[in-house]
Amino acid sequence: MSDTELIRLRPRRIRLVCWTSAALLLIVFSLVATSLSGPTGDGYGTFQRGDQVAMIGLGVFGALGFLLFTRPRVEADARGVRVRNVLGSYDLPWEVVRGVRFDRGAPWASLELHDDDLVPMVALQAADKELAVEGVRALRRLHQAHQARLAERTAGS
């Protein structure tokens, strides 16, 4: 394993679902916006062009909300691991990581830290099956390589 190896991991299935859902939501809100015309209910008000634009705007915001779930990613190299989840990010050196966990039945993998904290890695989802397992194995290899370098340094001292 080289010191320059960089691992980049992103979820696959959730990105497909989110992009499809965002497009469908935008289409539905646009269709609803085009159907807003004429009087409202009892005729006391009428739909205006601004109402149509507002409805399309709501569709855009809803679609952007779906696309937030495409944000997760994990990048790792010999120095450490960077985790970006839906909300929040972590930049951790390997020194603080005790292990990489992917418990049976867990929705995603996590990093176990030496202070007994768990950092979720939403990018490695159980729904991606073998892709997630391969990602966890690659992270474990990087972590073990770091542990071996630490052991060499302490043995050489």
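Analyst: Begin with how helices and strands are named. They are DSSP runs, numbered from the N terminus; a helix has at least four residues and a strand at least two. Keep in mind that this is a predicted model. Now a case: threonine 70 is found in the loop between helix H2 (49-67) and strand E2.

User: Is threonine 70 buried or exposed?

Analyst: The cut-off comes first. Buried means under 20% relative accessible area, and exposed means over 50%. Threonine 70 has a relative accessible area of 10%, so it is buried.

User: Which residues is threonine 70 in contact with, leaving aside its neighbours within four places in sequence?

Analyst: Contact means heavy atoms within 4.5 Å. By that rule, threonine 70 touches Arg10, Arg15, Cys18 and Trp19. Take arginine 15. It is 55 residues from threonine 70 in sequence, yet the C-alpha atoms are 5.1 Å apart in space.

User: How do I read a helix? What are the length and span of H2?

Analyst: Compare the end-to-end reach with the expected span. H2 has 19 residues and reaches 27 Å from first C-alpha to last, close to the 27 Å expected at 1.5 Å a residue. Then look for the buried positions. In H2 these are Gln52, Gly59, Ala63 and Leu67. They sit on the same side of H2, because they cover an arc of only 80° around the axis.

User: What do the buried residues of H2 pack against?

Analyst: They pack against helix H1 (13-35). Now read it from the other side. The buried residues of H1 are Cys18, Ala22 and Ala33, and what covers them includes H2. H1 itself has 23 residues. Its reach is 33 Å from first C-alpha to last, close to the 33 Å expected.

User: Which residues does UniProt list for "transmembrane region"?

Analyst: The UniProt record, an unreviewed entry, lists residues 53-70. Treat the label with care, since annotations may be inferred rather than shown by experiment. Then check the model over that span. The chain there is 83% helix and 0% strand. The end C-alpha atoms of residues 53-70 are 26 Å apart.

User: Where does UniProt place the feature "domain: Low molecular weight protein antigen 6 PH"?

Analyst: The record, again an unreviewed entry, places it at residues 71-141. In the model this span is 17% helix and 46% strand. Its end C-alpha atoms lie 25 Å apart.

User: How is the chain divided into domains?

Analyst: Domain 1 covers 7-69, and domain 2 covers 73-156. Their C-alpha centres lie 37 Å apart. The contact takes 10 residues from domain 1 and 16 residues from domain 2. Next, read the area. About 1,200 Å² is buried between domain 1 and domain 2, with carbon and sulfur atoms giving 59% of it. On the domain 1 side, Ile7, Leu9 and Arg13 supply 50% of the area buried against domain 2, more than any other three residues.

User: Back to helices. Which residues of H3 are buried?

Analyst: They are Ala132, Gly135, Val136, Ala138, Leu139, Leu142, His143, Ala145 and His146. H3 spans residues 130-156. That is 27 residues, with a reach of 39 Å, close to the 39 Å expected. The buried residues of H3 pack against strands, namely E1 (7-9), E2 (73-76), E3 (80-84), E5 (97-101), E6 (108-113) and E7 (118-125).

User: What about a position within a strand? Is serine 110 buried or exposed?

Analyst: Locate it, then check the accessibility. Serine 110 is in strand E6. Its relative accessibility is 11%, so serine 110 counts as buried. Leaving aside neighbours within four places in sequence, serine 110 is in contact with Gly99, Val100, Arg101, Leu118, Val119, Pro120 and Met121.

User: Last topic, backbone angles. What is phi of aspartate 116?

Analyst: Phi of aspartate 116 is near 65°, a positive value in a residue other than glycine. Aspartate 116 sits in the loop between E6 and E7. At 58% relative accessibility, it counts as exposed. Lysine 129 is another case, with a positive phi of about 45° although it is not a glycine. Lysine 129 lies in the loop between E7 and H3. It is exposed, because its relative accessible area is 56%.

Definitions and conventions: Residues numbered from 1 in each chain as written. Predicted model: local features only at pLDDT ≥ 70, side-chain atom pairs only at ≥ 80, totals over all residues. Heavy atoms only, no water. Expected span 1.5 Å × (residues − 1). Buried < 20%, exposed > 50% of the residue type's maximum accessible area, 1.4 Å probe, protein only. Arc of directions from axis to C-beta. Domains from an automatic or database assignment. Buried area = accessible area lost by both parts, 1.4 Å probe.
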